Amino acid sequence: MTQIIQTPAVRSSGPALDPVTFEVLKNAFATSVDLMSEQILRTCYSFVIYSRDFSSALCDAAGNTVMQGSGDIAVHVGTLHFQCKAVLEQFGTDIHDGDVFAINDPYRGGTHFNDVSFIRPIFSGGEIIGFAQNKGHWADIGGNVPGSFDVNASEHFGEGLRITPVRVYSKHVFLHDVAQLLVSNTRAPEQAMGDLHAQSEATAVCEREILRLVEKYGKDTVVTAMQETQDYVERIVLRQLEDLPRGTWETTDYLDVDPGKGEGLVPIKIKLTLDGTGIHYDLSESAPAVATFLNSGYGTSHSAIYAGTKTFFPEVPLNSGFYAAVQAEIGEEGSVVNAGWPHAVTGFCSGPYEKIMNGIFELWSQIMPERAMACAFNLEYLLVGGRDARTSEENYFMWYDWMAGGWGGRSSKDGSSATAPVFGPGLAVQPVEGQERLSPVLTTKHEIAIDSAGPGRFRGGLGIEKGGMLTDAHSTVMSYCCDRSRSITWGIEGGLPSIPHGVWLNQGTEDERFLGSIFSSVPIQPGDVFTRPSAGGGGFGDPLERTPEEVLEDIIDGYVSIDRAAADYGVVIEEVDAELDDYRILAEDTEALRTQIRASRRGWLEEDAEAVAARYREGTVDMLDVIRRHGVILHWGTGELLENSTTQYRQLMQRRSAAHWDA
Amino acid sequence: MANLRVAVDVGGTFTDVCIFDDETQSMRVTKVPSTPHDPMEAVMSGVRRAEVNLADVSLFSHGTTVATNALITRRFPKAAMVTTRGFRDAIEIGDGTKDDLWDAYNDVSGPYIRRRDRFEVTERTDYAGNIITELDETEARQLAALLRKRGVTTVAVCFLNSYANPANEIRMREILEEELPDTAISASAEILPEIFEHDRFNTTVSNAVLAPLVTGYVDRLATELKAGGYAGDLLLLHSGGGSMTPRMVKRYPVRLAASGIAAGAIAAKHVAAQCGFENAVGLDMGGTSTDICLVSGGELRITKEWQVEYGHPIVFPSIEVLTIGAGGGSLAHLDIAGSLRNGPQSAGAAPGPACYNTGGEAPTNCDANVAMNRLGTTLAGGARELDRSLSLEAIDRVIGKPLGMSTEQAAHAIVQVANANMADAVRLVSIRRGYDPRDFALIAFGGAGALHGAEVARELSIPTVVVPANPGVTSALGCLLVDIRHDLSLMYNAPANQVDPKDVEAEFAALEKEATARLRHEGVADEDAMLQREISMRYAGQWRSLAVPMGQGPGALQQAVQTFHQQHEKEFAFSQEDQPVEIYQLGLSAIGKTPKPGFVPATELTADPGAPASRREVYFGADGWVDTPVYERSLLPAGATFEGPAIIDQLDSTTVVPPHTTAEIDGWGNIRIHLHNLENSSEG
């Protein structure tokens, strides 16, 4: 017989534990969760988990999160309690000591199908006092494509195996049949079984620690501390809000396109209100769900809101106390931020997730200017899969690659270069030497991309260019999950955009093709070379106010070219002896050029867009001028004008960039 | 005649000189202030202060922070990196991760060599070691000329996949050596032939930027010692817990990067062995931080995941030490939600704890100990007087009043939180390896370790605490105790059940040949040489590997696979014996035994501690204020046994023996504290 301890309806006004016991238990909860993470990192099979796409949490008896791992991936933040509550709803009193549950259901607050959670109830004296949970990204979870990222999916049935709450251990007995059913629906059943064991065992580490605390401090004290740890976090946030202005702030960010509706950016509208009682968001004016898999379920939209907000409260521990202080209205089901069953949602991470986060960065930049930050590059995944002809077995291979990129410029310094995506700043990029062993893809370059940073008084961080060539393989296709080929990474406070995302096939040859930022199953042959950049961050502040000396340093390091120094910053620099890093700033020419840019730039943003497109097609204006000067959005391969997108993007640039220029 | 062994450990504040006299079997210690502008000054002045005639020294060993400090302050010579076309940013991109996941203004520091000093050449080797593109030698020579023009004095050569075939990289090194004879060259496959470009490149780059400086320092010191009459080899303590002579420091200066941290861990291991403990936790608590290390089965844990700064890995094997921000000077405070916190901010030397009366107004752990009378008001034999009233005032103002606690309750609360934080850190290093801290002894040292050791042990249910004879200078003792050691490795990716054991044996034999050559180069006699094999394995599909000992002969591999299953079960609570096991890497430690001091225990034991030097009221939480004897450590005879509470004062440290414990001075001069009633021990 089990009994679920319910969260008190009214929170206690003050702490009941003495300060030492509280601090000791709060820290011990953190240790118990970090121990789980530590173990999973050392025993996992999925290379995605190994690259730190996982999280761990201790939840209380009602499923609320007491403590989340200090190194957890941001994208799981604020979803673990939904998954735990789903288990509670499903099984109620039918939960026993020695059970372990699996769940990955994005329609029950999960992220996407690849992220599989294992949840172990912790019992003391015959009743549940909490749950230990570990969520990790499996390399494959079935569905139409290897890696389970089917860009073309519009419903979930082709995306992969949906795991509603299910028991994999019952009263300490491993349920072979159930586990086998789960892993048999993936492309690498043995690996999946390895991760299933590794994750289940990791939750036992947390259970052991919590039971040790119960033995030492008593059950009631530990249970009280679980609640007080949440109250503590809520109190910290509310206390910090007291020092901040009240009001309402709004912004809009965009997905590139909804293929079901034709050309035009897809708005995600974010309204933030601070009224002294908490932090309130409203996303309900956002667009309907799109006809690709770039939709968010309610779990991940909440996660984006929490993670975006948390960036401005970096010291605050993550638990349900934080989620209590932050409320979000995400509107009716069926929208791009609340997609609901059976909309495809696996690509949420490249879609609404980071749009919400960056939009939130922009809003809070106005409230806390000392933590301000422009837009960061977009999360991207390139998948190349086929038969590996390097050995006679011709095994299936999957080159599944993601890149670091640039974060936005800040109010006191440039953006961070070559950094993991904001959706998970701990998500490590894979070493090329490891990838080359595993797949017949030769990396041709992995380098910082010159001029990829959005110009500004403080420029964005730099993005990266990564190229690959298919070697000994056959039956190979390539898919890409990204965005911001059109809704290009933007600047704020007068800063300029960076560069568009998108994959190029055989660039600079007769067979050159721009494949865009989202595509599926493009066949490729041995010898084909593909390359794509990750965007730099957007700029912060007017680039004409950047000092020529700072621009010069960027030229010496090859972050900015001499041509773009003139075009973007109006700084004229002459090479004296590049071999000795010897350049000269031409002060008078710089002054003259800056004056000229100031006089012209508002006009450039209103120039006839079709005329700009025509000049791009004939090669008399380059891509960066089209974007940064004219705010015009094209199909970057053909040069075709995207009229609606251009109108929307120009509005965005007027608001974020031009409105802040002195002249 | 040469009868002295001298060990010098350079720390941030003090340089400790530890002298062991083989004739009298006695040890003495001298402390002099460190001289950061040139650490050698303090080394030599310490030697003079100790009145050591260098001609009487049989062995001179040295733990130095020269390399660590250079990496932190980034005072590097003009360095360059040469790499495969398309990959010059490998050390700037790294793995892309942030250390601070949430503070968007807290960035990872930049690479050790800036982009402007990183150059590319045309060449390429594939994953299997096939050369796809030969090194373009014309380009290589042009690049050499450019480096000369730029005045580069040290170069890291880092080619992609050179771990699989170093030919192109070695050719590049040869060309640079021809063209730039006075320049130090570090080639990645020769520094560390391991897979993963960021790890290998960064280790090589670290080696390159340190080469001129560290080599110069070591050479100068060796010359100075020789001039003073020292006839032996200077031994430099390295991160792996062994030492090297200047001859090998020239090739692998980066191995000195954790020289300073290693010494304390080695000393902890020695003290544990002396007391008969196979398993021990070392708790080295200083002014600003605590270093925690783990001895299991008589050996220190070694890690290859190590760095001076986040994002810049140095993947040579290094003693695993967890450093946390808890020290005598750590500040207690209430956060904005009114919760009691301790550290990681520290009052440091300036403004210092409140009781120093040097401007510090916030209460520290030191103040809390003073307030409870655990720490007396006279430090270091009178070198510093503490003002207890300032401690009381600070604790009352910052903690006591806001929380409605008496001053002593508040002081006790501060120390309890500090102790719990240290206990959590010990749990992280032990439990994550599958160890139960209750099977361990706690070796407490450093300036503040003995003040907190017994209560940290109680928090962890550790039954015994050992406080070594000179807790404040224990690290220097560690320097006396190291062997010459080199760690070699080789990538070897293959399923364990498909390889020919003869092939594995041949690879080990090749490593052993190289290792033997290195030891001979160091002047180690063959009878003092010892080689230890290790093999890293994992379940096919796993990402991390686990290293286990490897024997010799036909059954060795099979045995190692069995050991792997057992070790996996022990560390991670599961094993999969039906799953294929994959070999990942072969490792070899080459040890050159150096003669050790022959510590001899006292044979005459006296149980009576004698009369205490004084008595005072000391606060012990639940036990309240207790009339407590204060002993002078130098007067306590070997064998002395007494019940807590007691305070034991000595020049470099104070030991707290709480109530419900028994203290015993062993024959080696260690204080052993045995804790009673561990089970029902919710202290406070």
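Domain bounds in what follows come from an automatic or database domain assignment. The structure is a predicted model, in which local features need pLDDT of at least 70 and side-chain atom pairs count only at pLDDT 80 or more, while totals for chains, interfaces and linings use all residues. Residues are numbered from 1 along each chain as its sequence is written, and chains are lettered from A and ligands numbered from 1 in the order in which they are written.

For chain B the assignment gives domain 1 (265–315 + 418–480), domain 2 (484–592) and domain 3 (614–675), and the C-alpha centres of domain 1 of chain B and domain 2 of chain B lie 27 Å apart. For chain A the assignment gives domain 1 (19–237), domain 2 (374–541) and domain 3 (605–663). The centres of domain 2 of chain A and domain 3 of chain A, taken over C-alpha atoms, are separated by 23 Å. Between these two domains, 17 residues of domain 2 of chain A are in contact with 13 residues of domain 3 of chain A, where contact requires that the C-beta atoms of two residues, placed from the backbone, lie within 7 Å. On the side of domain 2 of chain A that touches domain 3 of chain A, the residues divide into nine nonpolar, four polar and four charged; here Ala, Val, Leu, Ile, Met, Phe, Trp, Tyr, Cys and Pro count as nonpolar, Asp, Glu, Lys and Arg as charged, and the others, Gly among them, as polar.

Between the chains, 68 residues of chain A are in contact with 56 residues of chain B. At least two residues of the side of chain A that touches chain B are supplied by each of helix 1 (19–43), helix 2 (47–50), helix 5 (189–217), helix 6 (219–241), helix 10 (432–438) and strand 14 (441–448) of chain A, with helices (H or I, at least four residues) and strands (E, at least two) taken as DSSP runs numbered from the N terminus. Helix 1 of chain A gives the largest share of this side, 14 residues, and by class the side has 31 nonpolar, 17 polar and 20 charged residues.

In chain A, an open sheet of seven strands has the order 2-1-5-4-3-6-7, with antiparallel pairing, two strands being paired if DSSP finds at least two bridges between them. Strand 2 (65–68) and strand 7 (173–174) of chain A stand at the edges with a single partner strand each, so one side of each is left without a neighbour in the sheet. Strand 1 (residues 54–60) of chain A runs antiparallel to strand 5 (residues 127–137) of chain A and is joined to it by seven bridges, and A:Ala57 has A:Gln133 of strand 5 as its bridge partner. Helix 5 of chain A lies across strand 1, strand 3 (100–103), strand 4 (115–124), strand 5 and strand 6 (166–170) of chain A and runs at about 30° to strand 4 of chain A; axes are lines fitted to C-alpha atoms, for helices over the stretch in contact, and angles run from 0 to 180 degrees between N-to-C directions.

A second open sheet of chain A is formed by four strands in the order 13-12-16-19, again with antiparallel pairing. Strand 13 (396–402) and strand 19 (518–524) of chain A are at its edges, each with a single partner strand, so one side of each is left without a neighbour in the sheet. Neighbouring strands of this sheet are turned by 15° against each other on average, direction ignored. Seven bridges connect strand 12 (residues 381–388) of chain A with strand 16 (residues 473–481) of chain A, which run antiparallel, and A:Arg387 is bridged to A:His474 in strand 16 of chain A.

In chain B, strand 11 (residues 234–237) has B:Leu234 and B:Leu236 pointing one way and B:Leu235 and B:Leu237 the other way, and all are buried, a residue being buried if 20 or more other C-beta atoms lie within 10 Å of its own, exposed if 12 or fewer, and partly exposed in between, with C-beta atoms placed from the backbone. Strand 4 (residues 57–63) of chain B pairs with strand 11 of chain B in the parallel sense over three bridges, with B:His62 opposite B:Leu236. Strand 11 of chain B is also joined by two bridges to strand 12 (residues 243–244) of chain B, and these two run antiparallel.
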